Amino acid sequence: MRGRSYIAPIFFAFATISCAVYSKQQPVAGDKAVALAYVQAWNAHDTAAIDTLLASDGVHEDIAQNFRGIGAKAVNEFLRGLISAEPDFKWNVTNSMEDGRLVGLEWTWTGTYTGKDPLGKQVSNRRTSGRGVSIVEVDDGKIKRFTDYYDEASFFR
């Protein structure tokens, strides 16, 4: 009779552990994953993905081009303009880090550009390439701020 008194606590412990395992949620994508998905959306020219990744009041800044857009509509208009000038661009993240508050992306950019270069000269099908850094702030799985830093003139050397 005494041996049966241990069965109930053991069964209860097993049931509790089993429920805990089954109720565990999948981990939420980290901030770095959100930032990388945003870059991939740009590469794919996927404006719908940008709509889902950028917070409604999210800001994308491109310091070199003097662009500051708030919300997906402004960012997608900027992207469309870029696509018309450089339809084959490729944004490649070469290094990344996450510190719990911000994500840093080091990247290269390549493409074929048609339009005015930084000196105002009209160019056609000019191969460009360069390097830069983006600092990203993600809040609750959405991009609050995405800021690009690079030297635009260096892309034309």
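**View 1. Six strands line up as an open sheet, in the order E2-E1-E6-E5-E4-E3, with mixed pairing.** Helices (H or I, at least four residues) and strands (E, at least two) are DSSP runs numbered from the N terminus, and two strands pair if DSSP finds at least two bridges between them. This is a predicted model, where local features need pLDDT of at least 70 and side-chain atom pairs count only at pLDDT 80 or more, while totals for chains, interfaces and linings use all residues. Residues are numbered from 1 along each chain as its sequence is written, and side-chain values use heavy atoms, with hydrogens and water left out. E2 (67-70) and E3 (90-98) sit at the edges with a single partner strand each, so one side of each has no neighbour in the sheet.

**View 2. E1 (residues 54-62) runs parallel to E6 (residues 142-150) over five bridges.** Leu54 has Ile143 as its bridge partner in E6.

**View 3. The largest nonpolar core has 32 residues.** Such a core is a set of buried (under 20% relative accessible area, 1.4 Å probe, protein chains only) Ala, Val, Leu, Ile, Met, Phe, Trp, Tyr and Cys residues joined through side-chain atoms within 4.5 Å. Tyr38, Trp42, Leu105, Val136, Ile143 and Phe146 touch the most other members.

Definitions and conventions:
Buried < 20%, exposed > 50% of the residue type's maximum accessible area, 1.4 Å probe, protein only.
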